[in-house]
Amino acid sequence: MSPTDGASVNVELNKLEPVDQNCRAYVVVTNGTETNFKSFKMDLVLFQTDGVIGKRFSIDLAPLRPKKKSVKLFDIDGMSCDKIGSMLVNDVMECKSDTGAGQNCLQELTTSSRTKVQLSK
């Protein structure tokens, strides 16, 4: 990815849904770049509604095809949705494309949320 092309990978927290004692997160990922990501691992930190860190975990959003929107789901074990105050993309731990390791993946990542839970970086 080149910072001059204006393209980015946008991660939108679209919906949170209770599943048993856990919370399922629906994420819409829009890869606005020409890059085919075989790996896109994010380090996430979840803050509870009182601002205290509740959980830290990683997810891999790959594969991310170029110029493509996709929906990814992941379960947050042991955490009910109403206890989640916000989420932070702490880092992009790994982003690999067909040509090797990506550069500036965290800097070129954008975040948004359609829920009351803010997603930031």
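A disulfide joins Cys23 to Cys81, with an S to S distance of 2.0 Å. The two cysteines link distant parts of the chain, 58 residues apart. The model is a predicted one, and a search of the whole structure finds two disulfides. The other bond described here joins Cys95 to Cys105, and Cys95 lies in strand 6. This briefing covers both bonds and then the partners of strand 6.

- Cys23 belongs to strand 2, which spans residues 22-31.
- Cys81 sits in the loop between strand 5 (68-76) and strand 6.
- The link of Cys23 and Cys81 is right-handed, with 105° about the S-S bond.
- Both Cys23 and Cys81 are buried.

**Disulfide Cys95–Cys105**

- The sulfur atoms of Cys95 and Cys105 are 1.7 Å apart in this disulfide.
- The pair links distant parts of the chain, 10 residues apart: Cys95 is in strand 6, and Cys105 is in the loop between strand 7 and strand 8 (109-113).
- The torsion about the S-S bond of Cys95 and Cys105 is about 65°, and the disulfide is therefore right-handed.
- Cys95 and Cys105 are both buried.

- Counting bonded cysteines along the chain, the disulfides follow the pattern 1-2, 3-4.

**Strand 6 and strand 3**

- Strand 6 covers residues 84-97 and pairs with strand 3, residues 37-48, in the antiparallel sense.
- The pairing of strand 3 and strand 6 extends over 11 bridges.
- Within this pairing, Asp43 stands opposite Asp91 of strand 6.

**Strand 6 and strand 9**

- Strand 9 comprises residues 118-120 and runs parallel to strand 6, to which three bridges join it.
- Leu88 stands opposite Ser120 in strand 9.

**Strand 6 and strand 7**

- Strand 7, residues 100-101, runs antiparallel to strand 6, and two bridges join them.
- Lys96 stands opposite Ala101 in strand 7.
- A hairpin connects strand 6 to strand 7 through two residues.

Definitions and conventions. Residues numbered from 1 in each chain as written. Predicted model: local features only at pLDDT ≥ 70, side-chain atom pairs only at ≥ 80, totals over all residues. Heavy atoms only, no water. Pairing = 2+ DSSP bridges. Helix = DSSP H or I, 4+ residues; strand = E, 2+ residues; numbered from the N terminus. Disulfide = S-S within 2.5 Å. Buried < 20%, exposed > 50% of the residue type's maximum accessible area, 1.4 Å probe, protein only.
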